[in-house]
Amino acid sequence: MITTETVDRILRFNGGDLPVVSLYAGVGRDGPTALSTQINSLLHEIRPLERDGSLGRRARLSIRGDIERIENLEGLERVETGAVAVFSCSEGDLFEQVVLPRAVRDRIMVDATAWVRPMLAVLDEYHRACVMVVDRRSASAWELYQDELRELGGVQDPALRKPNYAGWYGLTEHRVRNRADDLTKRHYRNAVRLLDELFRAGDHELLIIGGHPEEVPTFLDFLPQHLRPKVAGTFTVDLRTATPADIRHSAERIVEQYERDEERRWVGEVLERVATRRPAALGLDDCLWAGSVAAVQALLVQDEATAPGVVCDESGWLARSGDTCPLCGRPTRRTEDVIDELADAVIGEGGSVEHVLADTELKDHIVAASLRFPLPPRPTPEPRS
Ligand SMILES: [Zn+2]
């Protein structure tokens, strides 16, 4: 699992004149066994740099060290899904190997800084959730993040043993029930106190509650006002028999549902902006132009969508086609996936990128964006298609 500390360390790394090698390799159809082949063919792309006279001696040494280290990565066979990302600057003492919970395209880059965007895009998809499983006498709290579940703590409160009502008079039975209810209420308050502490100390975005279907609604009534909007969903589980795997599966389904709902809401918001003539872009041509002028605040991309296109590395112009950049007149660079270049540009300008998996109207447009300002006219006539 990737921690914030690891991400910060990679982001903050400064090797001066030394280059950083960033590599991403996703687990594909052939599973983890193909990973080392994928990694070797990526390394092949940068081998000429070991002998590139335009680089300084230490930079070349560093790249050679990076390649050797990445060739000998360990534990690849255990990466069954997702992707491996490596950030290495051997002469600058940087080496980070992380496993991403989702697959990304295989890519390698040698640059002055670590290329973290694909990693950040994957992490954006994940919400840190606090999961509480509660019954009338005990509660346990868990954290679900990046497909992993870890226990945070719990409370055990004394409850009355199952009362044996046989032989009791009605009035006494009533008292026993009241006493049991009081204990349950006190237990719920203790469980809520634990939740409150966890939310104040941690950075949980979501709260998920599991338990008996007839007890969970009562427990929800005990939640303080500030925790109520965090509730992403509830699930049915028996605390005495549930395994951590059961809890994880139930909670994951709720998080997934929450993410899809969030995506539908975002797509709805952009369409609403279009309908009410507020700054927005719909479709690839407008979104690429919006990216070229740094107008994109939030970009929505239909998951798995790719499109070939052109980029001007000088002015940042992005388009589906064109050999010459209309902004600066320089020749453009062709790319297999201009949407990826767009996403990079948006993140580089401080905007956000969200991949939409939900079934929405975005499928007809592939990309859509909320903009910071209305788009100026495009410099070239619209391509006829
Ligand atoms: Zn240009």
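Throughout this tour, a residue is called buried when its relative accessible area is under 20%, exposed when that area is over 50%, and partly exposed in between, with a 1.4 Å probe and protein chains only. The model is predicted, so local features need pLDDT of at least 70 and side-chain atom pairs count only at pLDDT 80 or more, while totals for chains, interfaces and linings use all residues. Residues are numbered from 1 along each chain as its sequence is written, and side-chain values use heavy atoms, with hydrogens and water left out.

**Stop one: helix α5.** Select residues 170-201, which form helix α5, and find K185 within this helix; helices here are DSSP runs (H or I, at least four residues), numbered from the N terminus. K185 is partly exposed, at a relative accessible area of 39%.

**Stop two: E50 and R64.** A salt bridge is a side-chain nitrogen of Lys or Arg within 4 Å of a carboxyl oxygen of Asp or Glu, and the count by this rule is 23. For one of them, select E50 and R64, whose side chains meet with N and O 3.2 Å apart. E50 sits in the loop between α2 (35-46) and α3 (57-71), whereas R64 belongs to helix α3, so the pair ties together parts that are 14 residues apart in sequence. E50 is buried, with a relative accessible area of 13%, while R64 is partly exposed at 35%.

**Stop three: helix α7.** Move to residues 244-275, where R260 and E263 are three residues apart and therefore separated by about one helical turn. The closest N and O atoms of their salt bridge are 3.0 Å apart, and R260 forms a salt bridge with E259 as well, at 3.5 Å. R260 is buried at 12% relative accessible area, E259 is buried at 11%, and E263 is buried at 1%.

Select C130, which is buried with a relative accessible area of 0%, and then C325, which is buried at 2%. How many disulfides does the structure hold? The number is zero, where a disulfide is taken as a pair of cysteine sulfur atoms within 2.5 Å.

Notes
Helix = DSSP H or I, 4+ residues; strand = E, 2+ residues; numbered from the N terminus.
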